[in-house]
Amino acid sequence: MKSAFRVYLILTISALLISCSGKKEDNAKPMVTVSLAPQKYFLEQIAGDKIEVRCLLENGGNPESYEPSFSNMSDLEASILYMRAGNMTFEDKLLQRIKSVNPSIKIIDTSEGINLIEGSHIHANAAGRHHAAPAASTDVDPHTWSSVKNARIIIKNMLDALSSADPSNADYYKANYERFDSSLDSMDNAIAKKLEPYKGTHFLVWHPSLSYFARDYGLNQIAVGHSTKESSIPNLQHSIDMGRDRQATVFFFQKEMDSRQAEAVNAQIGAKRVDINPLDYDWEADINRLVTAITGN
């Protein structure tokens, strides 16, 4: 009796594993996996109801501590495309594992063609130059999606990849892309008009995630810290002095990641705290939140 139950249990578990393996049924939509929630938002505007879009990092996850779940790997195994954000360490670490579970998957870098900014501790000025704070690194800033101009490049890369992978729906994807691209163009023009009087002004941010946004509209980002890492006392004092000297009036906080050090720095500067989430699916709302914080309306 026990032996029969053991066999039944093994068969049941095996069936569950097969059903959860992520393999696409014949009548299912093709699946595409992206790295980040803003990418998912972009892709869904183009793919419409033709593609099942899955995302590796959702619900406030931290890219620096990300480890793929079983369902993440199942999605990648079943996907026809993996669209990486580009220049993110966790993506580089994943590539070999992705190829091992899905050798035929095509991997797309959606940041291709973007004028990338080097350095993760940066202060972007209106002329587009980027000055490193003390002890800054020289790695590429991966937060390309924080720019509406960059978003237009990203979605064009997505369109090309989708049309190549699923040519039977290429016209559908192109029509959706053109509508979305037109709306982004209008959004960019409206933001540029609103921020024109604020060119050259400074804002503070703990995690330096708004470099491309600053570059687009001639603003200056003062990066106080770096992700969840603690900053040295000299670096903090440098940021405090710069924030005061440049009369920064807004401090953007990334709620899930900013440390108590950020609160302590802002207590000495006295800037208005504004919570943001650069990894939010509601990308347009987060971009507009930046603009409203700077303009006050």
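The legends below describe close-up views of a predicted model.

Residues are numbered from 1 along each chain as its sequence is written, and side-chain values rest on heavy atoms, with hydrogens and water left out. Because the model is predicted, local features require pLDDT of at least 70 and side-chain atom pairs count only at pLDDT 80 or more, whereas totals for chains, interfaces and linings use all residues.

**View 1. The protein chain as a whole.** The protein chain holds ten helices and ten strands, where helices (H or I, at least four residues) and strands (E, at least two) are DSSP runs numbered from the N terminus. Of its 297 residues, 50% count as buried, a class that means under 20% relative accessible area, with exposed meaning over 50% and partly exposed lying in between (1.4 Å probe, protein chains only). Among the contacts with a separation of 6 or more, 64% are accounted for by residues 24 or more positions apart, contact being defined as heavy atoms within 4.5 Å.

**View 2. The nonpolar cores.** A nonpolar core is a set of buried Ala, Val, Leu, Ile, Met, Phe, Trp, Tyr and Cys residues joined through side-chain atoms within 4.5 Å. The largest one has 63 residues, and those with the most contacts inside it are Phe42, Met83, Leu162, Phe252 and Trp283. Helix H5 (residues 148-165) supplies the largest share of this core, eight residues. A second, separate core of 14 residues includes Leu204, Leu236, Met242 and Ala271. Leaving aside neighbours within four places in sequence, Leu162 is in contact with Val32, Leu43, Ile46, Ala47, Ile51, Leu81, Met83 and Tyr173.

**View 3. Helix H2 against helix H5.** Helix H2 (residues 37-47) and H5 pack at an angle of about 55 degrees with their axes 10 Å apart, the axes being lines fitted to C-alpha atoms, for helices over the stretch in contact, and the angles running from 0 to 180 degrees between N-to-C directions. The two helices are therefore oblique to each other, since angles under 35 degrees count as roughly parallel, over 145 as roughly antiparallel, 65 to 115 as roughly perpendicular and the rest as oblique. Gln39, Phe42, Leu43, Ile46 and Ala47 of H2 meet Ala151, Ile154, Ile155, Met158, Leu159 and Leu162 of H5. Ile154 counts as buried because its relative accessibility is 3%; not counting residues up to four places away in sequence, Ile154 touches Phe42, Thr110, Ile114, Thr144 and Trp145.

**View 4. The buried side of helix H9.** In helix H9 (residues 260-269), the buried residues are Gln261, Ala262, Val265, Asn266 and Ile269. They cover an arc of only 130 degrees around the axis, which puts them on the same side of H9, the arc being that of the directions from the helix axis to the C-beta atoms. On the other side of H9, Arg260 and Ala267 are exposed. The cover over the buried residues of H9 includes strand E7 (202-205), helix H8 (233-245), strand E9 (250-254) and strand E10 (272-276). H8 and H9 pack at an angle of about 35 degrees, with their axes 9 Å apart.

View 5. Asn87, in the loop between strand E3 (81-84) and helix H4 (89-101), has a positive phi near 65 degrees and is partly exposed, with a relative accessible area of 28%. Gln247, in the loop between H8 and E9, has a positive phi of about 55 degrees although it is not a glycine, and at 64% relative accessibility Gln247 counts as exposed.
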